[in-house]
Amino acid sequence: MKFFVDTAEIDQIKELNDLGMVDGVTTNPSLILKSGRDILEVTKEICSIVSGPVSAEVVALKADDMIAEGRKLAAIAPNIAVKVPLTWDGLKACKVLTGEGMMVNVTLCFSANQALLAAKAGATFISPFIGRLDDINIDGLDLIADIRTIYDNYGFETQILAASIRSANHMSECAKIGADVATAPAAVIKAMANHVLTDKGLEGFMKDWAKTGQKII
Ligand code: E4P
């Protein structure tokens with residue numbers, strides 16, 4: 001499973017990228033707001049750090065306007081994936097932009113039917129939002145599993161990009177189901193390293209090591 005980091009914070013992207021943990025980046029208008037940066041500038045900087053797909057989201061609501069914004073965003077760098085919302089206009093924009101050779105990430109997906117339409121429109125990525133479904137007491141992981149089944153049934157090549165990930169558990173569950181990509185905040189990716197028995201074990205080793213009175217360096 002590929003890891004994308006869901007942020008527009010350069011320091012976080014650099015830290016994970018240096019460790020080889022970043023296969024791509026996703027941003028959205030809320031993350032751009034949080035970064036306090038200009039969308040074109042920060043997206044260009046991210047693309048200079050990460051060689052994999054960097055999703056940049058359109059903000060227009062009409063297909064023609066989304067297409068114009070998508071072309072402008074895609075001109076930033078060859079690794080831009082234009083992010084469009086899963087609306088009828090977004091699907092139209094997806095079809096046109098993928099037809100022009102751009103990568104398109106169809107976002108704000110909350111149902112298997114929406115994912116099916118995105119695949120028909122030629123989406124490169126479909127982004128089902130797990131956490132926001134969990135927030136309304138619908139199991140977001142079930143949606144990932146349903147989309148996996150549907151795409152495999154018909155050989156759709158659209159990659160399942162599990163999004164709105166809130167916990168390390170979401171990451172391993174997505175990997176078990178077979179999501180192609182998971183995008184998560186840097187804190188969630190780092191939290192995957194944590195285990196209470198690792199902490200306890202390390203504490204024990206440190207206590208015993210201190211008793212040996214030895215040093216390695
Ligand atoms: C993905 O592309 C989205 O930017 C993101 O995962 C949304 O996550 P949220 O529901 O935590 O805002």
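Here is a quick tour of this structure, from its overall make-up to a few local details.

You're looking at a predicted model, where local features need pLDDT of at least 70 and side-chain atom pairs count only at pLDDT 80 or more, while totals for chains, interfaces and linings use all residues. Residues are numbered from 1 along each chain as its sequence is written, and side-chain values use heavy atoms, with hydrogens and water left out.

**The whole chain**

- The protein chain has 11 helices and 8 strands; these are DSSP runs numbered from the N terminus, with helices being H or I of at least four residues and strands being E of at least two.
- Its C-alpha atoms fill a box of roughly 70 × 40 × 30 Å along the principal axes.

- Strand β1 (residues 2-6) runs parallel to β8 and is joined to it by 4 bridges; strands count as paired if DSSP finds at least two bridges between them.
- F3 has A182 as its bridge partner in β8.
- Strand β7 (residues 159-162) also pairs with β8 in the parallel sense, over 2 bridges, and A162 has A182 as its bridge partner there.
- To get from β7 to β8, the chain passes through helix α9 (residues 168-177) in a right-handed β-α-β crossover, meaning that with the strands pointing away from the viewer, the path from the first strand over the helix to the second runs clockwise.

**Cysteines**

- The disulfide count is 0, where a disulfide is a pair of cysteine sulfur atoms within 2.5 Å.
- The closest cysteine sulfur to that of C94 is in C109, 12 Å away, so it's too far for a bond.
- The sulfur of C174 also has its closest cysteine sulfur in C109, at 13 Å, again too far for a bond.
- C94 is buried, with a relative accessible area of 0%, and C174 is buried with 0% as well.

**A nonpolar patch**

- L202, F205, M206, W209, I216 and I217 make a nonpolar surface patch of about 780 Å².
- I217 sits in the segment after α11 (196-212) and is exposed, with a relative accessible area of 96%.

Note on methods. Buried means under 20% relative accessible area, exposed over 50%, partly exposed in between (1.4 Å probe, protein chains only). Patches are made of residues with over 30% relative accessible area and no salt bridge: like charges are joined within 9 Å, nonpolar side chains (Val, Leu, Ile, Met, Phe, Trp, Tyr) within 5 Å. Accessible areas come from the Shrake-Rupley method with a 1.4 Å probe; for residues, only the protein chains shown count as cover. A salt bridge is a side-chain nitrogen of Lys or Arg within 4 Å of a carboxyl oxygen of Asp or Glu.
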